[in-house]
Amino acid sequence: MKVLLVTGQLATETVTTYANQSSIETEVVALKTAVAAFLTPQTIIESLKDKKNLTSFNLILTPGLLRGDTATITTALRVPAYKGPKYAADLSVVLDMLCEVNLSTTTPADELLKQQLTAKALAEIEKVENQRTTLLQKPGNMLVGGVAVGRDFPLRVLAEIVDAALMDKETVQQTARRFALAGADFIDVGMAAGESQPQKAAQLIHWVREVTNLPLSIDSLDPEEIKAAVKAGVQLVLSADAGNIQAIAPCIKDIPVVVIPTNQNIGYMPKSASERVEFLEEIITKAQSLGVNNVLADLILDPQEILNSFLAFKEFAQRNPAVPLFVGISNVTELFDADSVGLNVVLTRISAEIGGGILLATEKSNKAKGTVAEEVVATKMMFLAKKRNSVPKDLGIDLLILKDKRAHEEPYNRNLEATTQSVIIAPEKVEPATLDPMGAFRIFIDHTDHLIVAIRYSVNNSPEPLNVIKGKTAQAVYTKILEMGLVSKLDHSAYLGNELTKAEIALKTDKNYLQDTALF
């Protein structure tokens, strides 16, 4: 295999460095264009048509950011031409996998590689899901509302609508839809502690059922609320304890229930790991004597005693391998002033190691926004790592959100300053953009539809908007604004580009966006 790598003048050294890290024989040709992304198929054709030994190459790789379809290069030069990676740092990986990847004439190779690795990862999980009838016969696995739960399956995510009893119908249903779209396996309705609202519990279950077919559960210790929710059709109950098991047993004999080591009637919960395990076993034994056999165990993850709590889970699992575990990792995420993604992935890993079956995901606090989606990805990562007997790395799916796996940044060559006409240091303070006669824009994020919104107003301070432009990316929104001719000043265009980009970053990272305010 011999590959011709086409690039621009400025990237020649970088491309050569990364190409040399591969075992594939390559030759780098730098065309007269300075920036590789500015190359076009026609430019490449014109530059290479007279190149000697061109037919000795098995294929041509162009920059991944090349505009256009490389099929025209193939037709003109009679050598297969495909798009390489967008970043030179990914070259060695792409080159070493040429025999395993079907390259594209329109999609950059690194995107294609990621898509194929992701598809392979999801296919591995799907293969296990297709064996669920057999796997459900094994101890430690059970069916909860049609979802297979247990040691032989990926951890499942239960997304709780916290304090749903205090919300109106629209908010409850919007939250349920959002959790379902994020990939939750169950939607849980959280009742208000200290109150008994059985009619509200039933109403909430009906509201959520109107917008999703996912299995539903209720989070309550109140017997009347639990009875009402079961009658309304919940497929899982959170929770039973020493204080309510006698009262709720008749109505939960046919559906799974999460049992916790407490007696909320008298405010009791054992402190040590061994005491929690023994008390939970006592409650489960009593539940079974009352005809309640489909139980999951929650030893309660205490954010002030994380290690001790996980030791309790581990001890219980060793003594009771046939009982699936319910792990409330959001008990920690919600109460730590740290980004949720890192916490969730580590807590999911530990939960997988102790044999967890279902994870709790809540997004009550603003800093926990995105937790459901994060846990959904984390559960897949940990299942694949366990199946492949590896660490959760290079799986095809990841939770790298704020940092990059590889260094893609092209190094700045300070020597260029000696050849330029001038080096200008931009001031830190800049004058605000002057008023554009075409109007002013307010920028917002529509979290319901996950869109960036730009609202245009006239300069005469009229409260009625002239236009509302929505899009998924900053580029989509500002391109439409320019197409419509809604800006007339360069500084206004630059300002809009900056604000829309901030809004896009905020949308992707679940940060708050406020116009004219720094994100970080």
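## Basis and overall layout

This is a predicted model, in which local features need pLDDT of at least 70 and side-chain atom pairs count only at pLDDT 80 or more, while totals for chains, interfaces and linings use all residues. Residues are numbered from 1 along each chain as its sequence is written, and side-chain values use heavy atoms, with hydrogens and water left out.

The protein has 17 helices and 17 strands; helices (H or I, at least four residues) and strands (E, at least two) are DSSP runs, numbered from the N terminus. Its C-alpha trace spans about 85 × 65 × 40 Å along the principal axes. Of the 520 residues, 47% are buried, where buried means under 20% relative accessible area, exposed over 50% and partly exposed in between (1.4 Å probe, protein chains only). Among contacts (heavy atoms within 4.5 Å) between residues at least 6 apart in sequence, 57% join residues at least 24 apart.

## Aromatic pairs

Rings of Phe, Tyr and Trp (its six-membered ring) pair if their centres lie within 6.5 Å; planes under 30 degrees apart count as stacked, over 60 as edge-to-face and the rest as tilted. Tyr 268 sits in the loop between strand S11 (257–259) and helix H11 (273–289), and Phe 279 is in helix H11, 11 residues apart. Tyr 268 is partly exposed, at a relative accessible area of 39%, whereas Phe 279 counts as buried at 15% relative accessibility.

Phe 310 and Phe 313 form a tilted pair, with 6.2 Å centre to centre and 45° between the planes. Both residues lie in helix H12, 3 residues apart, about one turn of the helix. Phe 310 and Phe 313 are both buried.

Helix H14 (residues 340–353) has 14 residues and reaches 20 Å from its first C-alpha to its last, close to the 20 Å expected at 1.5 Å a residue; the expected span is 1.5 Å times one less than the number of residues. Its buried residues are Ser 340, Val 341, Leu 343, Asn 344, Val 345, Leu 347, Thr 348 and Ser 351. They pack against helix H12 (306–319), strand S13 (325–327), helix H13 (330–333), strand S14 (356–362) and helix H15 (371–388). Just after H14, Gly 355 takes a positive phi of about 85°.

For helix H17, the 20 residues should span 28 Å at 1.5 Å a residue, and the end C-alpha atoms are 29 Å apart, which agrees. The buried residues of H17 include His 492, Glu 499, Lys 502 and Glu 504. The buried residues of H17 pack against S15, strand S16 (451–457) and helix H16 (474–483).

## The largest pocket

The largest pocket has a volume of about 1,700 Å³. On a 1 Å grid over the protein atoms alone, a pocket is an open set of points where a 1.4 Å probe fits, with protein on both sides within 12 Å along at least five of seven lines; lining residues have an atom within 4 Å of a point. Of the 46 lining residues, the closest to the centre are Lys 369, Gly 370, His 450, Leu 507 and Asp 510.

Strand S7 (156–161), helix H7 (169–181), H14, H15 and helix H17 (490–509) each supply at least two residues of this lining. H7 gives the largest share, 7 residues. The lining divides into 19 nonpolar, 12 polar and 15 charged residues. Here Ala, Val, Leu, Ile, Met, Phe, Trp, Tyr, Cys and Pro count as nonpolar, Asp, Glu, Lys and Arg as charged, and the others, Gly among them, as polar.

## The second largest pocket and Leu 400

The second largest pocket holds about 1,200 Å³ of space. Of its 31 lining residues, the closest to the centre are Lys 114, Asp 398, Leu 400, Lys 405 and Arg 406. Helix H4 (91–96), helix H5 (109–129) and H15 each supply at least two lining residues, and H5 gives the most, with 6. The lining divides into 15 nonpolar, 3 polar and 13 charged residues.

Leu 400 lies in the loop between H15 and strand S15 (440–446). Leu 400 is partly exposed, with a relative accessible area of 45%. The C-alpha atoms of Leu 400 and Gly 342 are separated by 9.4 Å, although the two residues are 58 apart along the chain.

Methods. Grid points are joined across faces, edges and corners, and a volume is the space filled by probe spheres set on the points.
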